Amino acid sequence: MMTPGTAVKTFTMDGKPFSATEEETILDVARENGIDIPTLCHLEGILPTGQCRLCMVEIQGSGRLVPACATKPEEGMDIITDNPRLRNYRKMIVELLFSERNHICAVCVSNGHCELQSVAQRLGVNHVRFAYLHPRFMLDGSHPKYEVDHNRCILCGRCVRVCEEIEGAHTRDLRNRGIRTMVITDFDTPWGESPTCTGCGKCVHVCPTGALAEKGKSVAEMAKRRHFLPYLAMRRRGGK
Amino acid sequence: MTNEELLAISEKEQELQQQVRYRIMVCSSTGCLSSRSDEILAALEAEVKQRGLENEVLVKKVGCLGLCAAGPIVSIQPDGILYKEMTPEDVPAILDRLGGEPLEEKRIDTHQPFFTRQKKNALENAGVVDPERIEDYIATGGYAALIKVLTEFSPSEVIQEVQKSGLRGRGGAGYPTGLKWSTVAKAEGEQKFVVCNADEGDPGAFMDRSILESDPHRVLEGMIIAAYAVGANQGYVYVRAEYPLAVKRFRTAIRQAEKMGFLGQNICGTPFSFKVDVRLGAGAFVCGEETALLQSVEGNRGMPRLRPPYPAQSGLFGKPTLVNNVETYANIPAILRNGGEWFAQTGTEKSKGTKVFALTGKVKNTGLIEVPMGITLREIVYDIGGGVPDGRKFKAVQTGGPSGGCIPEELLDTPVDYESLKALGSMMGSGGMIVIDDRSDMIDVARYFMEFSMEESCGKCVPCRVGTVQLYNLLGKFQRREATEEDLKTLEELCDLVRSASLCGLGQAAPNPILSTLKYFREEYLAKIRKSTPVEEA
């Protein structure tokens, strides 16, 4: 029996024993040990918000669902990362995202390297049981280097967080409510006219879909590069 | 301010009010004001002056008298006469009848259950004191609890008293108030905050607004006592900007309390200092959720965040923060004045005290009521509410706003307490209660609440943002009789997803109107399922 207050906690995940430091989340431990939990809003290096709800896991005994990316395991916790209920929920969440905006892969610059697309494939989403909503959003091509197509946006908030937490500019935020919610630049000015945007492109490269892209790149070229993020996050915390 | 000084103010005010032979009170809450009660007040003042009755008749504006359906209401004291549906033209007639036979055609029977079955605590002064005069509040014993607490109680003794009372959060979830206070008190930090949640966005709810409009000092006193108990030095009242009268009266109350030394540095000569500011919300339902509310107070977009950490540990600006609802604070002064045990005498085993409800919809006596916990829904709807008007039949009562559910006739004998309502698939909520008659289609009712949740979703998490829209659309298919068996299955699955997977309590509760109507009125859904396959699909 471990004494309370110990730094390392032991718990079980899918019946197997694991341990975690006080800093680690359920998702960290799962990834460390090759357990696949899908996510869309999570990204190493920026703060977790648990908003896409794809990484929900079940806590045995309570039937409670918690986001693996933002929940730290507790001593003796019995976590289930995969069962028919969770699989069905994850599929439904992806279907809801597909039903929300225009996610027609064939005409998207991120076709082939889109996280929404690959999560859908992994989860076996082969049809959408909900009506397509497709609200009409504008495309903003006012920036010289980048463009944003809100119709492809899944509102994961990665661009908002990376701009605030890593670049320190907080150029992006959200406006409106419900399915009219959209990412905006400053006080909803065209991106190209933003006085706060540094043009660093971090938002473009953390975007999981084709919503943010570099101008003039072909589908094959528009692969996102994210390796910089954990490194920058570490440097910002004063690490070497 | 010492206790003696407070008593002197109280006695002087009481004397002033006793000097006159009659006190004519005019309801000046938003409901009655919207039917010209301000003109009645002006007409009364002018007429009293013209008749030279200033020394005999005191005309004053008061808060909500409860029976909104009969507004504008005027109360004549000490005779205990209530007049309904007043107009400025009625003024001479009621002055003529002062001390004589009352005007029967305008008189409200105060012996009816609407008045006799209620028990008031949070609304004790509503309709009695002038909400814009601190002296009037003091005359009813106001701020005595604060002075008593500051001079005789240690912070932990205050918390013990609140714990003894068994008071639970009146915002809806029913978390034990004393426990919340002790958690914030024990949290480490030099700077702590006390926040009053006056966002109240539920359709059909106006409890918090009425309390703030009717008795702002009572809420303020509750907040100051809470701040002393948990060790906070700054408070915020988060109130939606659609409540201009509540905002105005609360701001007036803050200024008056500051002037008398109940707020500011070294309150009542003790080492305790506390300030209160008002923060206006732009009117987003989600900002009633405590973590979203705190974001909004900080000046950010009001979106809920994950808990833990709970606001008690890390709330406003990362500091320990106590968040309570208006009605919760309004209960505090009486608890400290009369003791926790006194409060715990009312109510049920697990739900103590009284609860304020905004009774609306297809019921005769719409209005603001306060009843002891444990009273049955039937007593509220039929005795206090007077039943369904126009000879229609009762169908359901919707409690708890968009997070609640519809309760059918056969369950009307359920006692009103947190656990019983939850067991029925509804909830206490902040206290909206909407009576539905047999003319309403329950799918329409569910869709109405779904539309509200869909429009008000903050957009942060997928199940709530998109799930509520799809639920709304599916209900539309039922309304148009286009739904299939498959749609019913999808509807139920999606309800479960939104309930179990949404990020905050509002998303998690959003499917409740559908789930409860599916449970109690399933035949209405089944009746709307398309029976035959259309030819083109066959």
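In this predicted model, the centres of domain 1 of chain A and domain 2 of chain A, taken over C-alpha atoms, are separated by 25 Å. The contact between them draws on 15 residues from domain 1 of chain A and 20 residues from domain 2 of chain A. The domain assignment places domain 1 at residues 9–82 and domain 2 at residues 108–237 of chain A.

The size of an interface is often expressed as the accessible area lost when the parts come together. Here, about 1,300 Å² is buried between domain 1 of chain A and domain 2 of chain A, and carbon and sulfur atoms give 61% of that area. On the side of domain 1 of chain A, the residues that lose the most area to domain 2 of chain A are A:Leu40, A:Leu43 and A:Ile46, which together make up 44% of what that side buries.

Polar features also cross this interface. The rule finds one salt bridge between domain 1 of chain A and domain 2 of chain A, and eight residue pairs in polar contact, both residues at pLDDT 80 or more.

A salt bridge joins the side chains of A:Asp36 and A:Arg122, at 2.8 Å from N to O.

For chain A, an unreviewed UniProt entry lists residues 85–124 as "domain: 4Fe-4S His(Cys)3-ligated-type". In the model, this span is 62% helix and 0% strand, and its end C-alpha atoms lie 15 Å apart.

Notes. Residues numbered from 1 in each chain as written. Chains lettered and ligands numbered in written order. Predicted model: local features only at pLDDT ≥ 70, side-chain atom pairs only at ≥ 80, totals over all residues. Heavy atoms only, no water. UniProt positions renumbered as here; feature names shortened; annotations may be inferred. Helix = DSSP H or I, 4+ residues; strand = E, 2+ residues; numbered from the N terminus. Domains from an automatic or database assignment. Contact = heavy atoms within 4.5 Å. Buried area = accessible area lost by both parts, 1.4 Å probe. Salt bridge = Lys/Arg side-chain N within 4 Å of Asp/Glu carboxyl O. Polar contact = N/O pair within 3.5 Å; in protein donor to acceptor, adjacent residues only side chain to side chain.
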